[in-house]
Amino acid sequence: MRMNYYSASPAGLEAVLKLQRHVSRTGEEGELGEGLLALVYTRVSQINGCAYCIDMHTKEARKAGETEQRLYALNAWRETPFYTPRERAALAWAEATTLISGNGIDDALYEATREHFSERGLADLTLAVCTINVWNRLSIGFAADAGSYRPE
């Protein structure tokens, strides 16, 4: 790793960790669920090319009961029958929010996603996407060691 960003900016990292704790609670107790968060985190990390986060979130997804088939097919989720309509809505929203530059979010995608999520659920999903994008950028920028993550 190029630097320990935790010790380099403790106040900044505490802010990110506070957001992460909120998002994690939505996975444990809220509308999103841990399995959906793991899929979203993994897919966003695939888009961003973050090997450390892909490794971490696929391990967490397996621990939560996710199947190998669904994990292997995640980068081609549109072409498979393995995901529910709700998961598809979350993945489409996560991709669009991650790739927002020059594309925006159109009303049709917003309305399609709202069919599956309450206002709070969609806000929390968006915060989850923002959070994993932050972690991806930190992990890639500071060269986190892929493969080193061990689930609790």
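**Why these labels? A walk through a predicted model**

Tutor: Welcome! In this predicted model, Ile 100, Ile 105 and Tyr 110 make up a nonpolar surface patch, and together they have about 230 Å² of accessible area.

Student: Where is Ile 100 placed?

Tutor: Ile 100 sits in the loop between H6 and helix H7 (107-114).

Student: Why is Ile 100 called partly exposed?

Tutor: Its relative accessible area is 42%. Buried means under 20% and exposed means over 50%, with partly exposed in between, so Ile 100 is partly exposed.

Student: And what makes Gly 141 partly exposed?

Tutor: Gly 141, in helix H8, has a relative accessible area of 35%. That value falls between the 20% and 50% limits, so Gly 141 is partly exposed too.

Student: How far apart are the C-alpha atoms of Gly 141 and Met 1?

Tutor: They are separated by 9.3 Å, although the two residues are 140 residues apart along the chain.

Student: Why does Arg 150 count as exposed?

Tutor: Arg 150 belongs to the segment after H8. Its relative accessibility is 59%, and exposed means over 50%, so Arg 150 counts as exposed.

Student: What does the side chain of Arg 150 reach?

Tutor: It reaches the backbone oxygen of Gly 147, at 2.8 Å. As for Leu 71, it is 79 residues from Arg 150 in sequence, and the C-alpha atoms of the two are 18 Å apart.

Student: Let's turn to Glu 95. Why is Glu 95 called buried?

Tutor: Glu 95 lies in helix H6 (residues 85-98). Its relative accessible area is 9%, and buried means under 20%, so Glu 95 is buried.

Student: What makes the pair Glu 95 and Trp 77 a polar contact?

Tutor: Their side chains are joined at 2.7 Å.

Student: Which residues is Glu 95 in contact with, leaving aside neighbours within four places in sequence?

Tutor: They are Arg 43, Ile 47, Trp 77 and Arg 78.

Student: Which residues have the most contacts inside the largest nonpolar core?

Tutor: Val 40, Tyr 52, Phe 117, Leu 125 and Trp 135 do, in a core of 37 residues. The elements giving two or more residues to this core are helix H2 (10-28), helix H3 (34-48), helix H4 (51-63), H6 and helix H8 (119-141).

Student: What is Phe 117 in contact with?

Tutor: Beyond its neighbours within four places in sequence, its contacts include Leu 32, Leu 36, Ala 89, Ala 90 and Leu 125.

Methods. Residues numbered from 1 in each chain as written. Predicted model: local features only at pLDDT ≥ 70, side-chain atom pairs only at ≥ 80, totals over all residues. Heavy atoms only, no water. Helix = DSSP H or I, 4+ residues; strand = E, 2+ residues; numbered from the N terminus. Buried < 20%, exposed > 50% of the residue type's maximum accessible area, 1.4 Å probe, protein only. Polar contact = N/O pair within 3.5 Å; in protein donor to acceptor, adjacent residues only side chain to side chain. Contact = heavy atoms within 4.5 Å. Core = buried A, V, L, I, M, F, W, Y, C linked by side-chain atoms within 4.5 Å. Patch = residues over 30% accessible without salt bridge, like charges linked within 9 Å, V, L, I, M, F, W, Y side chains within 5 Å. Areas by Shrake-Rupley, 256 points an atom, 1.4 Å probe, with all protein chains shown as cover. Salt bridge = Lys/Arg side-chain N within 4 Å of Asp/Glu carboxyl O.
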